[in-house]
Amino acid sequence: MPPEDERLRDVSPTPEDPRAIARSRRAFLVLFSLVLLAKVAIAAHLPLFVDEAFYWLEGQRLAASYSDLPGLTAWLSRLGVELAGHHALGLRTPFLLLAACVPWLIVRITARQFGAVAGWRAGAFALLLPLSGTLGVLALPDVALAVATLLCLDAALRMLRRVSWANALELAAGLSLGALGHYRFAAIIGAGLVAFAMLVEGRRTLRDARVWVAIAVGAAAWIPLVAWNLENADAGLRFQLVDRHPWTFHLDGLWFIAIQCALVTPLLFIALGASAQSGVRDASAPRRFLSIFGGFIVIAFFLLGFFADTERVSFHWPLPGYLALLMLLPATLAGWTRRWRVATSAVAFVGLVAVFGYLTAVSIPSVRAQAAAGKWYPANFSGWEPLADAVRTMRATLGGSTRLVAGDFKIAAEVGFQLEDADIEVIDHPLNHKHGRAPQLRLWGLEAPTSRAAAPIGMPMRESPSTAPAAPPADFRLLMVGIDHVKFSALLRHYQRLCEHLGPLPRARFVHVDHGQQRFALFALPRNQDAGGSGSGRGSNIAGPCVPPAIAHINTPEPGARVGPRFVVEGWAIQDHVGVARVTITLDGRPVAEATTGLSNAWVAGFWKGRSRDPDHPNVAFRAEVDASGLAPGRHWLGMTLRGRDGSVQEWAERPIDVGAR
């Protein structure tokens, strides 16, 4: 048996063919350059995702921790706009740079453990794997989590052979970076401890004091998050671990396999699974560690899917596990035939191009408009620039001192970024609570003061803290409401709650985006109209009861229906206190028929019983005969314009129909 120091010394890889190394390195560098160029181009044009905009908002108020996340993501967002400029690419620049480190770290770690050829090939597959290849396009916490995971893995693999202060420092850096990134990093720590505990070499490593010094430093990085939760009744912890998850068994977890297989790409998913399986049985401690670590994370999130939140995106959660298994992938593929190796690479490349293609399509307004009314419409990317333009125009008309008020955190963050205004007040809204942002808005004093008489649908009303800074005097408050930010069945009650909170509403100006798939209502509230009260002001036209916007629905034809050149449109429309006077049917935005209104529909009256205050019930239905014979056959957009008896005019959301030939 060799001496102890000889057994624990880092093992140099077996000498390899220089030509194979050169080919692998060249392929990696070409792929890295192409992927980086594609990411920068997309990041420059892709509208901000809602979460990115909120991280920008957090970054404008630097703090050690926030209600939804530790501080790192907000800090990086602030750094980006300060150094690279106030635009989407500027915000995303630090994330793109961090993401560019991920494949290089995989190359470095894999090459040290398994040889240079394996390193370059593992790095190439880190670029081809869609989940890691697209990292950095969006300014999200997963970028820092990926880097933190790789730093910890590198340190852990080196510690399995020999513990030193250098790799203890690397472990401490990785643990600290992850702790500042997301609550989810706790799962990565757990996976690492499990992998150490299952290996003889790992248990020996854990007996070294230097390892525990590194762990202690990493644990200290959680202090800001712990302190925030202690000061705020565990609001962040409750949201991440309790509020957002049903914690009851459901079969939606079965979709995990199909979704991961599609996103990782099928052959690569199989190869990573085979790598985990073979690595567990391998005699090499590094291989066993990586397989246990990676397999534990993927399986743990698979099992969690049967009990956890299914409403929010979670397909990216297993990425740290895949990053570990990528280091074992070259050895697995070496045992496959050349045909299957080429097929695995080709399918992964197609998957990466498909994801880039989707992100490119989302960045093109005309493509987003064509996707309207479809299942995959990118609502969280859409409508913010037109809304901001409308706000600028209306603000200029009302006066520069007009103060903005958002109907929910999404609008505040997105419009705030567009206008470089981080002080937009926010109405208490279910979305603020659903996404864990309500406590943070309240701490900032941005929760708009409202009446105690009522609360948003399904939520208790909370007043803004008395310590909130007073708003500067303004002639108007411009309220921005997302019409589609509540369920259709809850929209009427949402409007009524706004009336109860803010008093009579003036006539709204509507922003109609992507055929109405995104709709916003803008209300100019006069300065002397206090929360829960009433009042009047120049141009407000709010005498009498509070009249909210109309609500309507087309029963036939259904979305996507095929109709002849002449067809019938039937539906209903209601508006509290005044009723709907006229309904004009439109095709592709042009009026084509006036509907007959005042028809009876007892079902509508029964459905809205006790909620709707339309005086025309049950005579709220309409019917129109449309002559579309002058239109070219094919897809057209069917909509309607509603005119209330109070003089209000509102375009309703359009739906696609297929008009056939004669």
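A crossing of two helices is called right-handed if the near helix is turned clockwise from the far one by less than a right angle, and left-handed if anticlockwise. Keep that in mind for the first two close-ups, which, like the others, come from a predicted model.

**Close-up 1. Helix H8 passes H10 in a right-handed crossing.** Here we look at H8, residues 142–159, and its meeting with H10. Their axes come within 11 Å and cross at roughly 15 degrees. Angles under 35 degrees count as roughly parallel, so that is what H8 and H10 are to each other. On the H8 side, look for Leu-145, Ala-148, Thr-149, Cys-152 and Ala-156; they meet Phe-185, Ile-188 and Phe-196 in H10. Sort the residues of this contact by class and you get 7 nonpolar, 1 polar and no charged.

**Close-up 2. Helix H10 packs with helix H17 at an angle of about 135 degrees.** H10 covers residues 185–198 and H17 covers residues 285–304, and their axes are 9 Å apart.

**Close-up 3. Arg-161 sits in the loop between H8 and helix H9.** Is Arg-161 buried or exposed? Its relative accessibility is 14%, and the cut-off for buried is under 20%, so Arg-161 counts as buried. Its side chain is joined to that of Gln-113 by a polar contact of 2.6 Å. Now find Ala-285: along the sequence, Arg-161 and Ala-285 are 124 residues apart, yet in space their C-alpha atoms are 8.7 Å apart.

**Close-up 4. Ser-275 has its place in helix H16.** This helix runs over residues 266–280. With 1% relative accessibility, Ser-275 counts as buried. Which residues does Ser-275 touch, leaving aside its neighbours within four places in sequence? They are Ser-291, Leu-325, Leu-328, Leu-329 and Thr-332. Take a second look at Thr-332: a polar contact of 2.7 Å joins its side chain to that of Ser-275.

Technical notes. Residues are numbered from 1 along each chain as its sequence is written. This is a predicted model: local features need pLDDT of at least 70, side-chain atom pairs count only at pLDDT 80 or more; totals for chains, interfaces and linings use all residues. Side-chain values use heavy atoms; hydrogens and water are left out. Helices (H or I, at least four residues) and strands (E, at least two) are DSSP runs, numbered from the N terminus. Buried means under 20% relative accessible area, exposed over 50%, partly exposed in between (1.4 Å probe, protein chains only). A polar contact is a pair of N or O atoms within 3.5 Å; within protein, one must be able to donate a hydrogen and the other to accept it, and residues adjacent in sequence count only if both atoms are side-chain atoms. Contact means heavy atoms within 4.5 Å. Axes are lines fitted to C-alpha atoms, for helices over the stretch in contact, and angles run from 0 to 180 degrees between N-to-C directions. Angles under 35 degrees count as roughly parallel, over 145 as roughly antiparallel, 65 to 115 as roughly perpendicular and the rest as oblique. Ala, Val, Leu, Ile, Met, Phe, Trp, Tyr, Cys and Pro count as nonpolar, Asp, Glu, Lys and Arg as charged, and the others, Gly among them, as polar.
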